[in-house]
Amino acid sequence: MDRLLQVDPRLQELIKNTIALSPIDFGIPKFGGLRTEKEQEELYRKGLSKCDGYKIKSFHQTGNAIDIYAYINGKASWNKIHLAIIAGVILGEANRMNLNVRWGGTFGSDSFNGWDMPHFELITY
Ligand SMILES: [Zn+2]
């Protein structure tokens with residue numbers, strides 16, 4: 001919940017609504033919310049992100065993105081089916097709230113970031 005409080009208020013509301021609606025519980029991992037330039041660079045160095053935080057910025061650096069994991073039987077899960085079910089609820093709720101939210105699961109394997117199932121970003125432009 002602390003991680004949620006640092007992102008755009010619209011994204012916070014969307015996630016709170018979704019938690020109440022989703023058949024699968026979910027959480028936000030460390031660095032899944034707002035990231036500093038240094039944190040972003042650290043993820044880049046570890047090969048976990050293609051954004052280096054300086055030349056190429058992540059939506060996470062402006063509080064316009066959130067990553068999730070599914071919570072299954074008391075454990076974190078990054079299972080694609082679980083994430084896709086939650087994504088369906090998030091995107092449906094975003095639509096109802098009139099928010100333009102892009103899911104990393106639709107990026108495609110040939111895109112810059114590749115598939116990014118846990119990732120959701122709020123487009124504000
Ligand atoms: Zn992300």
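**View 1. Strands β1 and β3 pair antiparallel through three bridges.** In this predicted model, β1 covers residues 25–27 and β3 covers residues 69–72. Strands are DSSP runs of E with at least two residues, numbered from the N terminus. Two strands count as paired if DSSP finds at least two bridges between them. Gly27 has Tyr69 of β3 as its bridge partner. The model is predicted, and local features need pLDDT of at least 70, side-chain atom pairs count only at pLDDT 80 or more, while totals for chains, interfaces and linings use all residues. Residues are numbered from 1 along each chain as its sequence is written.

**View 2. Strands β3 and β4 form a hairpin.** Strand β4 spans residues 75–77. Three bridges join β3 to β4, and the two run antiparallel. Ile72 is bridged to Lys75 in β4. Two residues lie between the strands. Asn73, in the turn, has a positive phi of about 50°.

View 3. Helices are DSSP runs of H or I with at least four residues. From the N terminus on, the order of elements is α-β-α-β-β-β-α-β-β. The radius of gyration is 14 Å, close to the 14 Å that the globule rule gives for 125 residues, so the chain is as compact as a globular protein of that length. That radius is taken over C-alpha atoms; the rule is 2.2 Å times the number of residues to the power 0.38. The C-alpha trace spans about 40 × 30 × 30 Å along its principal axes.
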